[in-house]
Amino acid sequence: GATLQVDSVLTIGSLAGGGDVFVNAMEFGLTVGQDNSSTTFSGFLFGGLTKIGSGTLTISGMLASGAQINAGVIKLGASHVVDDSARIVINGPAARFDMNNNDDTIGCLEGVGQVALGTGALTVGSSFPVPALNPPATYAGVISGTGDLALLRDLIVTGANTYTGKTIVESGGILTLGASNVIANNSAVTVAAGGQLTADVSAASETIGSLEGQGDVSYNFGT
């Protein structure tokens, strides 16, 4: 098949097709979406991209190194099309990572934009390098939908999330609540043995649907 090799920072109007793209420039060195069109890419992309423009880029092949979404939407066209070690950074408050009812695992979640689960399940922290999580990543956007969120590593969350599925802190995971009302009131929270749910927010409050598991929970809430 066809191959595009990007050896320096490059901005293009859109990305479509089923070939391979290798980005050898800086992280997120390929910028896509200048023409504001919506396209589908079903090939293999290694090296990371930056999404701009108002259009939607649907990934149905493999996104191997992550993406930063400054504007518009990156939508998953199937489950498990993002590599487990991928870094997803959603910079624009209106920018969106749309899981489109699919399940996937990513290495790290950062930024202030939106994650739309639909009915899908998002697992965060699978294979992301430990040094990059020191300090832990912070996600200040909003996760919506009826799907689940599972954590395998450290994540600080400060947005008023609305997803109603389960919140699962697996062994080795640490979910830090950095503000009030981070977890939806009807989200069932499970903290597995070896996992931690922690919060230290003065004069703040949190309501969850239920709490179970054998992990550690520590808090210093106002109420």
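1. What is the volume of the largest cavity? In this predicted model, the largest cavity has a volume of about 40 Å³. A search of the whole structure finds three cavities of 30 Å³ or more.

2. Which residues line the largest cavity? The lining consists of Leu149, Val157, Asn161, Tyr163, Thr167, Leu175, Val182 and Ile183. By class, the lining of this cavity has six nonpolar residues, two polar residues and no charged ones.

3. The next topic is the pairing of charges. In general, side chains of opposite charge can pair when their charged atoms come close. How many salt bridges does the structure hold? The structure holds two. One of them joins the side chains of Glu27 and Arg87, with a distance of 3.0 Å from N to O. Glu27 is in the loop between strand 3 (20-23) and strand 4 (30-32), while Arg87 is in strand 12 (residues 87-90), so this pair ties together parts that are 60 residues apart in sequence.

4. Arg87 also meets the side chain of Glu110 in a salt bridge, at 2.6 Å from N to O. This pair links distant parts of the chain, as Arg87 belongs to strand 12 and Glu110 to strand 15 (residues 108-111), 23 residues apart. Taken together, Glu27, Arg87 and Glu110 are linked in a network of salt bridges.

5. Glu110 is buried, because its relative accessible area is 18% and the limit for a buried residue is under 20%.

6. Asp98 is buried and yet has no salt bridge. Which side chain of opposite charge is nearest to Asp98? That side chain is Arg96, 4.2 Å away. The pair does not count as a salt bridge because the cut-off is within 4 Å. The side chain of Asp98 does have a polar atom that lies 2.8 Å from the backbone nitrogen of Asn100.

7. Asn100 is found in the loop between strand 13 and strand 14 (104-106), and Asn101 lies in that loop as well. Asn100 is partly exposed, with a relative accessible area of 31%. Asn101 is partly exposed too, with a value of 46%.

8. Ser38 counts as exposed because its relative accessibility is 55% and the exposed class begins over 50%. How far apart are the C-alpha atoms of Ser38 and Thr56? They are separated by 4.5 Å, although the two residues are 18 residues apart along the chain.

Note on methods
Residues are numbered from 1 along each chain as its sequence is written. This is a predicted model: local features need pLDDT of at least 70, side-chain atom pairs count only at pLDDT 80 or more; totals for chains, interfaces and linings use all residues. Side-chain values use heavy atoms; hydrogens and water are left out. On a 1 Å grid over the protein atoms alone, a cavity is a set of points where a 1.4 Å probe fits but cannot get out, and a pocket is an open set with protein on both sides within 12 Å along at least five of seven lines; lining residues have an atom within 4 Å of a point. Grid points are joined across faces, edges and corners, and a volume is the space filled by probe spheres set on the points. Ala, Val, Leu, Ile, Met, Phe, Trp, Tyr, Cys and Pro count as nonpolar, Asp, Glu, Lys and Arg as charged, and the others, Gly among them, as polar. Buried means under 20% relative accessible area, exposed over 50%, partly exposed in between (1.4 Å probe, protein chains only). Lys and Arg count as positive and Asp and Glu as negative; His and the chain ends are not counted. A polar contact is a pair of N or O atoms within 3.5 Å; within protein, one must be able to donate a hydrogen and the other to accept it, and residues adjacent in sequence count only if both atoms are side-chain atoms. Helices (H or I, at least four residues) and strands (E, at least two) are DSSP runs, numbered from the N terminus.
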